[in-house]
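Hi everyone, thanks for coming. Let me put the structure up and then walk you through a few parts of it.

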Amino acid sequence: MDEKLYAIKPGSKPNYKKGSLLVTIETQTGTDDVDPDDNADFQYQKKTPYGTRPDRDPKYQVEYYTPLEIDYSGYVTETKEIRVREDMQLQVNDVKSLVAEIRTKQYDQEEFGNWVNVSKRADQIEWSSNKQNVVYVEPKTGQIVAKNIGTAIITAKWKNSEDGPYHIYENVTITVGDTPPPEIPETPDAACTESPAGEMTGERMDPNASAVIKADQRGSEPFDVLRGIPTSESLYGNVFGLSYLFQNKFVNMQGTCTYTVVVEKTYNKTWTDEKKISDGKGGTTTVSTPRSRDVKVPYTYTVKRDFEYWKIDTLLVYEITDASLKNYALPQIELYPADYRSPIYAAATNGTFYAPNTPAVLTAPSQPVPGGTSEPPTPTDDLSSIAEDAVPKVQVKNDYLKFNGAVVMDNAKVEETGPTPGQIAEPQMIGKDVLYSPDNEISKTLLNKKDTPSTGEIRYELMSGNINEGNEEETFEIPGINTVTVHTPVVNYSLVSDDQPHNQKTIPNMDRSALILERPFTVRIPTSGQHLDVNSYPGYGDRDYAKYYRIKQVRFPFDVYSADRTQFYPRSTWIDIPVYVLDTTFYLPVWVDEGDYQVEFRNIAENAPAEFESMSRSNAQPDANTDLTYHLASDEVSVEVIGRLYDFEITDIADYNWELVFRRFKGSIAPTWISYWTGTQGIDGDKRGNKPQFTVPIRPGSHPLQGYQNVAVKTGYHFKFDFKTKGNMFGPRDGIRLTPTFDFVSKDGKTRVPVDLYYSTNQRNFIRIGSAEDQVKRFVILNDRLRQVPSGQLRDTATYKYNRYGEIHPGMMSERTYQEYYRDKFTKMKTPVGGYSLLLMPEQLRTFIGPKTNIPTNASADVLRANAAIQQWYGEYSLPAEPYVVQAGTNLAEYGRTHGGLNAKSPIFLKNGYIVVNFNLESIQEGNLRAPHLQYIHAPLMNQWLLEGFQRQVEDSYGNSFTLRDGDVVFYHADRSSRDDFSAQVPH
């Protein structure tokens, strides 16, 4: 990679796509030989033996580690903003609370989130005023008091912690104006009285609070917390309540002012006085004299003026400060308002009445009062209307209240009656984002628990500007919060690989997975599968639950190794498997007993109690922990441990034409170690290292020496063979059943037919092999000098038998003495094995060749048992010296009767070709011939003969093609006998 090509400047966004960057790693491998420069060009880091070549050299798996270091760095940008609400104008002595809010834009978001109120987070916020003598601010709460006329800047500084990285601030401007002197009504000279005559009240002090605790994310909750939610998942809390609370009492003041009003009225009286006087004439004369008098009469009246207006007796307004929620699944979470606006109100309590003064003495229009000859009486008038008109109405002014922009109580000065106040507006329910706290993770330490109760509180704080005292804070319990059920799911639907391609059982148990000795096998522990029904339990169902696992474990009732055989696990050991590893491969040691077993699995939830290791199986629920009282899910898989039957080889042929193939020179017993194997492949199909020429059957073309290319084997000569088994084939009654069958094939290979073989004895002619008359007995000597069984095998076999068979009491013979007896006497005895038609190879022809070193001290088997776990069986076989070959099923007696008798030259006998000997090999346990254990060739699930590379089509040196059958081991000449040789005794 070119680092410059892929470098990204800070602040810019990369445009990489998955898979667009590729790195090619080139690793050179080779031998660990050191070159002449004394430096090994190819250094491996790990070398692990895993098998043995045919020449006994070990095979290795070599690991070359390629160092790869990738350094990368990146930049993310998270932005926070602060705002302070808000610029305002105050009068001296006004008290208000400022609000500081923070909002965040995450690195992966295009828009900012909601505003969050941080005004009273004393550990994060600090308030200050540049002019404390104008506006004083409380450093931790943001409450301000107007002190003097002027302008001050109030600053809110916020930092998320002492170390940052955020340290931001914002300010507002507060202007304090002059407060006009209050209007003081003149003290009237009238007699005024007032008293409360009624009241209006309003109250909303129940927040109607509610809350929910649910699974993130809101609106698309993946789990129903009432049914269950796992640990490691997160919850959100959402609290709802009225946006504010209030309590008010308005009092209707009613009164009367009483005035004493004097109205003066002047009455202008006129009359004529008549007086008789002498007229001088002796008579009288009436003399009229006009008279007048003004009479001022005061009238006193009582005038009343009623009035009423409204006063604020009580005003308490509460704003939301915070809320809290508690539940078993949560830490206590505090919810602070975001995007929340407190109510805004203003109030004045200067409502009063303004009574007019009593008017001066009023003068009513004068009134003439004419009379006759005498002074008229002074009239009496009702001048009350003049008095009434002279007294104005009382003026009144309510207290003042403006709430959230609406005038609730109008303080305009009016006559006589102040306007009736309205009601404070009903608070609305806050929005869903105001008291909302997401991403509260459920701790992994919490055990499963059903229906855990939830509690919560919502708190309101008394705002400044209240009238009459109230509680500074009101806290309300939140009723009816939903419960939460913690249920961490794990499932266990484990599998064990079924090694059918290597299962040689005669009758395989299809209900059990086959595990083959000295082979790897795989356990699969998926983290997915069916849990609770997703329709009833959202978030569960059939899915992957790896997120909730602490560990996966498997326990075998037998010893196992890790795949690379570097780690040994004794039986009944719980083995940890990493959660995200689906398949884990183990290796089955050869000393494990064959048979049926149960492999146990358990998957442990991340919230399982610490003591789960000591829990019994009853503490785990099979398949899935659908019952939340369980924190483990278990499973069992039925398996069967099975051995092997393999490595058939021919190691010697008594025909002298083959002597130098197997002996270094004529007359010698020194071996060439040439063998003819089943094929060119080993037990598991790996290359064995031999050439195709050195494979069975022994046929024309098998002989490696010049001049012998067309040589097969003459009848009458035996061939030696051996093969191996693994598993529980070390008992005294265990053995091998070998069943020969015969075919005749023409020399050009074009014709092949099953045949019956006959032979003659001195007592009887034409005895069919396999008939009741076929009574020839065959014997094999294990420690034959030409077989050259390794002495170590004989010693190991004797040691096992001495210690485990119980046939020899230690007091009778020492182990060393028994070893010598076994080697020198027992193994040189003739062992009966059957006849031409059937060989039963008993334990006397078996040696033990299993491992004797590197057996772990804590293994379930000791060295003796491990060594006995692999067995080598030795046998030999031959055809009669002069067999008679006829097609299978031919009635030879009938042919002789109808053709004038039989002799060796009768045309019915097949001669111009080869007799093919075919072996069927089966292992027998505990002498049970009715139920053979393993099949070399005819197992239902596999064919070991083919796995080892047997070729079903071969050619001889003349180019003739021969079709072979599985189990073919030797071609005998049908027309050549050992009796044709010059000597009746062959040197070997």
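So, to begin: is the disulfide of Cys192 and Cys257 right-handed or left-handed? Keep in mind that what you see is a predicted model. The torsion about the S-S bond of this pair is about 110 degrees, so the disulfide is right-handed. The two sulfur atoms sit 1.9 Å apart, and searching the whole structure turns up one disulfide.

Where are its two ends? Cys192 is in strand E13, residues 191-204, and Cys257 is in strand E16, residues 244-278, so the bond ties together parts that are 65 residues apart in sequence. Cys257 is buried, at 0% relative accessible area, while Cys192 counts as partly exposed, with 23% relative accessibility.

Nonpolar side chains tend to be buried together in soluble globular proteins. Here, the largest nonpolar core has 72 residues, and Phe648, Ile650, Phe719, Phe721, Tyr877 and Phe919 have the most contacts inside it. Which strand gives the most to this core? That's strand E57, residues 913-924, with six residues. There's also a second, separate core of 47 residues, and Met205, Leu235, Val484 and Leu532 are among its members.

Find the open sheet of three strands: the order is E5-E10-E9, and the pairing is antiparallel. Strand E5 (95-97) and strand E9 (135-137) are the edges, each pairing on one side only. From one strand to the next, the twist averages 25 degrees. E9 and strand E10, residues 143-146, are joined by three bridges, and Tyr136 has Val145 in E10 as its bridge partner.

How values were computed: Residues are numbered from 1 along each chain as its sequence is written. This is a predicted model: local features need pLDDT of at least 70, side-chain atom pairs count only at pLDDT 80 or more; totals for chains, interfaces and linings use all residues. Side-chain values use heavy atoms; hydrogens and water are left out. A nonpolar core is a set of buried Ala, Val, Leu, Ile, Met, Phe, Trp, Tyr and Cys residues joined through side-chain atoms within 4.5 Å. Buried means under 20% relative accessible area, exposed over 50%, partly exposed in between (1.4 Å probe, protein chains only). Helices (H or I, at least four residues) and strands (E, at least two) are DSSP runs, numbered from the N terminus. A disulfide is a pair of cysteine sulfur atoms within 2.5 Å. Two strands pair if DSSP finds at least two bridges between them. Axes are lines fitted to C-alpha atoms, for helices over the stretch in contact, and angles run from 0 to 180 degrees between N-to-C directions.
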